[in-house]
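Subject: Structure handover

Dear colleague,

Here is the structure you are taking over. My notes on what was found in it follow below.

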Number of protein chains: 2
Amino acid sequence: MRTLGPVNIKQVAAEAGVSTQTVSRVINDRPDVSPDTRDRVQQVIERLAYQPNAVARSLIGRRTHTIGVVGSSLEYFGPSSTLAGVEKQSADSGFSLLLALLHEPATEDIGQVLTDMLSRRVEGLIWAVPEIAHNHRWIDDLARPAVPIVFLTMEPKPGLSVVSVANRTGGTLATEHLIAHGHRHIGIITGPLDWWESRERQLGWEEALVSAGLPVEARQIVEGDWSAASGERAFARLQEQFPEIDAMFASNDQMAQGVLHAAWTANIPIPQTLAVVGFDDIPEASYFIPPLTTIRQHSADLGRTAVLVLNDLIDQWRLTGRVATGEPVRLQPELVVRKSSVPQ
Amino acid sequence: MRTLGPVNIKQVAAEAGVSTQTVSRVINDRPDVSPDTRDRVQQVIERLAYQPNAVARSLIGRRTHTIGVVGSSLEYFGPSSTLAGVEKQSADSGFSLLLALLHEPATEDIGQVLTDMLSRRVEGLIWAVPEIAHNHRWIDDLARPAVPIVFLTMEPKPGLSVVSVANRTGGTLATEHLIAHGHRHIGIITGPLDWWESRERQLGWEEALVSAGLPVEARQIVEGDWSAASGERAFARLQEQFPEIDAMFASNDQMAQGVLHAAWTANIPIPQTLAVVGFDDIPEASYFIPPLTTIRQHSADLGRTAVLVLNDLIDQWRLTGRVATGEPVRLQPELVVRKSSVPQ
DNA sequence: GTGAAAGCGCTAACAC
DNA sequence: GTGTTAGCGCTTTCAC
């Protein structure tokens, strides 16, 4: 005789002729139950297909075994892989994932999503929203966060746990590679300059040029918006204002693809007349025409690392009652050389 | 004097000199509270930064305002967009999202993730895992599901709520386009044939050929694995076993990219010697060399639609107490013509 | 309009 | 080993 809704512990207890406490002991694998009783209860549990209510357990145990992820831009490869990494590591660590996406990361109201996650008592947060303009200002208002938070993809700040990619190093690697292959007139297509990551990659490019004694002028720089279309447009601009250009660093692979496409249209041989390096190493990059030299960042590792750091913080928090901060972690990107930068 | 942990309703009540009941009325916007009292309580709530515990509310209200999504393959564009669509519509409908990913969708144990979601009392489920081999067999065991489930990306079955893309129609559209442009020797690179979607796209290709009175032979068909690398390999095979080939349908854009890359390497002009059509319309497709003709599927819409259907089912379920099934929904893909199939 | 009592499903702390 | 009591944070009766 099932009532409405799922079976609860009381029904199991009644059916097995024991107290709810004993059922509780069985489902929690406590030692102090006689084998007989345990068996009997187990039987009933299976027969009724009883599933302990995690909501009730959370309420009492002060553990929800849930972490919240706030992300954005899933249409890009990097953020998606990062999310996949976060999910994988969370599952492996025994946490469920509450997901929220900001569809307008630059302006969307953060308070709502944050409040909601906290009211659901997530045990920690992964903040995987790119740092754009001042959209991270809310952090300053956050006197003392209610739960540990790990930030991805933003500038390391004291007092915050940040896991990021060494974007500047990436820009330097790309540019040094071009310099090493004899190029002296190296342009850059940046991402949107209100993104922290864009500015970092550009700084890396500048540092490499300066180190090599090469000039850095405004006409070598054009801003894109990460899209292939913007890469194509930016390249046209560069050709006008920097005609002696013989190599370029595109701040992501999509914009690089736009450049390759424009070069193909205009019959500009790559890499002979123009060498191109991208950033990201999306899976398709090896099948670009020609295959793209690029800076590989390990997006899935980023997600996994963030969860590992968060797990530590959660453990500390549960032990000490205080929300601590982790050491900043910086993942190193690496250069992947393909034909778009080196003949043959 | 804050105790450990977040503020609760009792502390607010004490501080405001009212009963917890009154606080409850205020946070639920009930009418029967005097303006005075309401104000006073509101003040305290703000001062203490009180946030009602959603876990406790779920326990009593029998509503968690949460839906579960089980997905996979986030490294591909389609599934990521679908997830983004699911998230957007859920947020708009006032639901939070519990996310689980299957990293081995063909074999991974489904029971675990399902149990976990149900024990957390999600109000409905979106099953966005591709149907591979027999990995959906568990559905048959599911006598009567505890909550409404909407399935994506699988074969419509009576008694199930399925939202899918008309893959077969897509295959037909692609092939008819090639036939209309005078091609008579049309090969296909399929996806993995234990995927339902692959077989459907292939069937669409066959139907178009048969309708046009063209032959369908085994040597025109090679199986890929969705990757660009497999597309490149498959193309080599096709050239051997089907040398008169003058056009081809690649079952996704990545494999088409592999073909374009191979053709470029071998100096085969596209579309003059070989016309190519893909499937998906990933954002990069317009920047392929040459730009790719393809079948656009609206992945984000798929996700949004699934949530809308699920919302209806949840409402019915709450009203009637019975888990109902929605009409199957089929989204139509469309042909996008670019230069890989038509000269100039 | 407001409060007291009871209970959502479960577990910790104590009895026996 | 097992049961009883109390309570997690909140809302739903039902008093007054």
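**Strands around S5(A)**

Strand S4 (residues 149–152) of chain A runs parallel to S5(A), and three bridges join the two. Two strands are said to pair if DSSP finds at least two bridges between them. Helices (H or I, at least four residues) and strands (E, at least two) are DSSP runs, numbered from the N terminus. This is a predicted model, in which local features need pLDDT of at least 70, side-chain atom pairs count only at pLDDT 80 or more, and totals for chains, interfaces and linings use all residues. Residues are numbered from 1 along each chain as its sequence is written, while chains are lettered from A and ligands numbered from 1 in the order in which they are written.

Strand S5 (residues 161–165) of chain A has five of its five residues buried, so it is largely enclosed by the rest of the structure. A residue counts as buried if 20 or more other C-beta atoms lie within 10 Å of its own, as exposed if 12 or fewer do, and as partly exposed in between, with C-beta atoms placed from the backbone. In a regular strand the side chains alternate between the two faces of the sheet. Both faces of S5(A) are covered: A:Ser161, A:Val163 and A:Val165 are buried on one side, and A:Val162 and A:Ser164 on the other.

**Chain A as a whole**

Chain A contains 12 helices and 12 strands. Its radius of gyration is 26 Å, well over the 20 Å that the globule rule gives for 344 residues, so chain A is more spread out than a compact globule. The radius is taken over C-alpha atoms, and the rule is 2.2 Å times the number of residues to the power 0.38. The C-alpha trace of chain A spans about 90 × 40 × 30 Å along its principal axes. Of the 344 residues in chain A, 48% are buried.

Two residues are in contact if their C-beta atoms, placed from the backbone, lie within 7 Å. Among contacts in chain A between residues at least 6 apart in sequence, 74% join residues at least 24 apart.

The chain is divided into domain 1 (9–51), domain 2 (65–165 + 300–331) and domain 3 (167–297); the bounds come from an automatic or database domain assignment. In chain A, the C-alpha centres of domain 2 and domain 3 lie 30 Å apart. Contacts between these domains of chain A involve 10 residues of domain 2 and eight residues of domain 3. The domain 2 side of chain A that touches domain 3 has six nonpolar, two polar and two charged residues. In this classification Ala, Val, Leu, Ile, Met, Phe, Trp, Tyr, Cys and Pro count as nonpolar, Asp, Glu, Lys and Arg as charged, and the others, Gly among them, as polar.

**A:Pro290**

A:Pro290 is in the loop between strand S9 (275–280) and strand S10 (293–296) of chain A. This proline is buried, with 23 other C-beta atoms within 10 Å. Leaving aside residues up to four places away in sequence, A:Pro290 touches A:Ile270, A:Lys339 and A:Ser340. The C-alpha atoms of A:Pro290 and A:Leu260 are separated by 7.8 Å, with the two residues 30 apart along the chain.

**Chains A and B**

In the interface, 43 residues of chain A are in contact with 43 residues of chain B. Elements giving two or more residues to the chain A side include helix H5 (77–92), strand S2 (96–102) and helix H11 (253–265) of chain A. The residues on that side divide into 21 nonpolar, 15 polar and seven charged.

S2(A) runs antiparallel to strand S2 (residues 96–102) of chain B, joined by three bridges. A:Leu99 stands opposite B:Leu97 in S2(B).

Regards
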